[in-house]
Amino acid sequence: MNAHVSPMTATPPPLAEVARRMVPRYTSYPTAPHFSPAVTPSIHAGWLEQVAKRGEAVSLYLHIPFCRSICAYCGCTTKASLRDAPIRAYAAALHREIALVAAHVGRVRVSHLHWGGGTPNILPPDCMAALVDDLASRFSFQLDMEHAVELDPRHVTPDGARQLAALGVNRASLGIQTLDPVVQEAIGRIQPFDVVAASFLALREAGINAVNADLMYGLPHQTLPMIKDTAERMLTLRPDRIAIFGYAHVPWMKPNQKLIDDAALPSSEARLEQASEARAVFEAAGYIEIGIDHFAAPDDPLALARQAGQLRRNFQGYTNDAATTLIGIGASSISRTPQGFAQNAPDTLGWQRAIEAGMLPIVRGKAFEGEDLMRADIIESLLCDFAVDLAAVASRHDTTPEALADAVERLQPLIAAGFVAADGDRIAILRHRHEIARVVASEFDTYLGRGGRHSVAV
Ligand SMILES: C[S@@+](CC[C@H](N)C(=O)[O-])C[C@H]1O[C@@H](n2cnc3c(N)ncnc32)[C@H](O)[C@@H]1O
Ligand code: SF4
């Protein structure tokens with residue numbers, strides 16, 4: 001098949017219209033709205049037992065769905081708790097889930113351990129230490145294991161940083177979002193530069209040298225000069241990785257976002273400009289572009305993986321982790337095995353109840369079928385490498401690129417607009433249009449339009 005079909009007859013869409021399209025973030029394919037109760041605890045147990053037989057290393061993800069207060073923009077699965085009691089009860093249930101998982105998967109090697117949230121540094125230090133001990137006693141941590149944790153800089157202290165380092169944490173991601181006081185006020189998150197700088201210093205002094213920063217564009221009242229100023233001030237702290245996420249405004253799913261004034265949100269055109277301004281600042285400083293929303297220092301493992309064509313995408317965004325199995329632990333966590341996805345009960349009570357009954361707390365998921373894995377490969381390549389060789393991927397999945405003819409036809413307007421190039425069976429997103437990778441990927445998504453409402457592409 002030649003992907004270069006008939007761009008001359010297709011109508012090229014304006015860039016802002018493409019950027020406004022509501023498409024998934026593709027941290028998985030098929031995406032979460034297509035999960036169903038057909039994946040049961042016993043099906044997932046069988047998948048975990050297969051992992052044990054293959055003897056490969058796995059990644060572990062632990063979800064901590066608590067914060068001291070909820071930020072107006074937050075799209076994460078979390079809730080506010082001022083007291084430690086519910087957090088301790090949650091940690092106790094995590095121990096029981098770890099035991100249940102270990103009973104099926106055995107003493108597997110672990111290449112990556114990631115704590116996400118919510119705010120993992122809300123865990124009382126003794127709770128986190130006990131959880132790490134438990135994991136280390138049941139699984140086999142690789143000597144070079146990446147041990148990463150998402151942190152709220154407002155709760156990072158020198159003591160806390162030393163405790164994390166003592167537990168083997170070797171990478172931290174700090175939620176910064178913006179350094180602008182007007183925007184901070186509008187998003188309900190007051191966090192002066194000094195607080196951010198002190199948290200970087202505390203982590204590095206404790207020996208946690210890999211420190212990432214999460215920023216956002218498209219926030220209420222945010223302007224281009226504010227993006228430039230935040231980006232430049234962040235560079236003075238020399239983060240190893242910088243993520244700059246487009247604010248996903250989904251108040252129909254996240255009621256806390258109703259506090260954000262729709263009228264104060266930047267337009268699609270402004271969001272595109274903000275994303276490219278941030279990219280210009282980071283690239284001028286020598287950072288390497290990683291996928292749609294990440295940048296990494298040239299010697300960071302993510303930049304090396306990108307250069308070697310080994311970049312991967314998973315629920316945490318971009319990773320150099322080659323493990324084919326990711327086991328999610330904690331309420332709402334999603335596991336991926338070579339057979340499919342399985343998601344834990346999203347509400348902490350339902351999750352806890354299942355665990356107390358001695359069951360894996362799986363409520364839904366998706367077994368891979370038909371062309372799922374081939375399309376997942378294509379979508380991952382487009383989001384990681386901005387290019388894909390359809391013939392090569394099709395052949396890896398024992399088929400021919402003709403199976404993808406519909407998607408190639410749908411791409412013609414983007415080719416006619418000059419956003420995408422097609423050369424034989426190779427599709428590439430042009431360098432100055434990487435922002436629209438989610439839209440290009442969505443043309444290969446056969447589930448799109450069958451349920452689920454998404455955020456704008458850029
Ligand atoms: C779990 S939080 C980070 C850790 C910690 N809770 C904090 O806020 O500092 C993960 C990141 O997701 C991003 N994020 C949260 N809500 C978002 C939204 N609605 N749209 C895009 N990114 C969002 C933010 O950059 C945030 O730092
Ligand atoms: S952004 Fe972080 S601190 Fe704020 S509510 Fe979300 S998870 Fe919690």
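This is a predicted model: local features need pLDDT of at least 70, side-chain atom pairs count only at pLDDT 80 or more; totals for chains, interfaces and linings use all residues.
Contact between them involves 19 residues of domain 1 and 20 residues of domain 2.

**Nonpolar cores**

The largest nonpolar core has 121 residues. Within this core, W115, F139 and F282 have the most contacts. Helix α3 (residues 85-105) gives the most to the core, namely ten residues. Both domain 1 (7-27 + 372-442) and domain 2 (57-323) supply at least three residues each to this core. In soluble globular proteins, nonpolar side chains tend to be buried together.

Beyond its neighbours within four places in sequence, F139 is in contact with L60, I98, V101, A102, V105, G106, R107, V108 and V110. A second, separate core has eleven residues, among them Y73, I187, M216 and Y247.

Helix α4 (residues 125-138) has 14 residues, and the distance from its first C-alpha to its last is 20 Å, close to the 20 Å expected at 1.5 Å a residue. Its buried residues are C127, M128, L131, V132, D134 and L135. Seen down the axis of α4, these buried residues fall within an arc of 160°, so they line one face of the helix. An α-helix has 3.6 residues a turn, so residues three or four places apart point the same way. The cover over the buried residues of α4 includes β1 (58-64), α3, β4 (109-117), β5 (140-151) and α5 (158-166).

Helix α12 (residues 372-385) also has 14 residues, which should span 20 Å at 1.5 Å a residue; the C-alpha atoms at its ends are 19 Å apart, in agreement with that value. Eleven of the 14 residues of α12 are buried, so the helix is largely enclosed by the rest of the structure. The buried residues of α12 are D372, M374, R375, A376, I378, I379, E380, S381, L382, L383 and C384. After α12 comes F386, which has a positive phi, near 60°.

**Annotated positions**

UniProt, in an unreviewed entry, lists Y73, C74, G75, G118, T119, Q177, R189, D214 and A248 under "binding site". The feature "binding site" is also placed by UniProt (unreviewed entry) at C67, C71 and C74.

Y73 is in the loop between β2 (66-67) and β3 (79-80). Not counting residues up to four places away in sequence, Y73 touches Q177, I187, R189, M216, L219, Y247, N256, Q257 and I260. Q177 and R189 are listed with Y73 in the UniProt record.

C74 is placed in the loop between β2 and β3. With neighbours within four places in sequence left aside, C74 is in contact with K254, N256 and Q257.

C67 is found in strand β2. Apart from neighbours within four places in sequence, the contacts of C67 are T78, K79, A80, S81, G118, T119 and I122. Among these residues, G118 and T119 are on the UniProt list that includes Y73.

**Two further residues**

Q352 is in helix α11 (residues 348-356). Leaving out residues up to four places away in sequence, Q352 touches A89 and A93.

H221 lies in the loop between β7 (210-217) and α8 (224-235). Its contacts, not counting residues up to four places away in sequence, are V182, V183, A186, M226 and A264. H221 and L265 are 44 residues apart along the chain, and their C-alpha atoms are separated by 6.3 Å.

| Residue | Relative accessible area | State |
|---|---|---|
| Y73 | 7% | buried |
| C67 | 11% | buried |
| C74 | 12% | buried |
| Q352 | 18% | buried |
| H221 | 42% | partly exposed |

Y73 counts as buried because its 7% relative accessibility is under the 20% limit. H221, at 42%, counts as partly exposed, because that class lies between the 20% and 50% limits.

Note on methods:
Residues are numbered from 1 along each chain as its sequence is written. Chains are lettered from A and ligands numbered from 1 in the order in which they are written. Side-chain values use heavy atoms; hydrogens and water are left out. A nonpolar core is a set of buried Ala, Val, Leu, Ile, Met, Phe, Trp, Tyr and Cys residues joined through side-chain atoms within 4.5 Å. Buried means under 20% relative accessible area, exposed over 50%, partly exposed in between (1.4 Å probe, protein chains only). Helices (H or I, at least four residues) and strands (E, at least two) are DSSP runs, numbered from the N terminus. Domain bounds come from an automatic or database domain assignment. Contact means heavy atoms within 4.5 Å. The expected span of a helix is 1.5 Å times one less than its number of residues. The arc is that of the directions from the helix axis to the C-beta atoms. UniProt positions are given in the numbering used here, feature names are shortened, and annotations may be inferred rather than shown by experiment.
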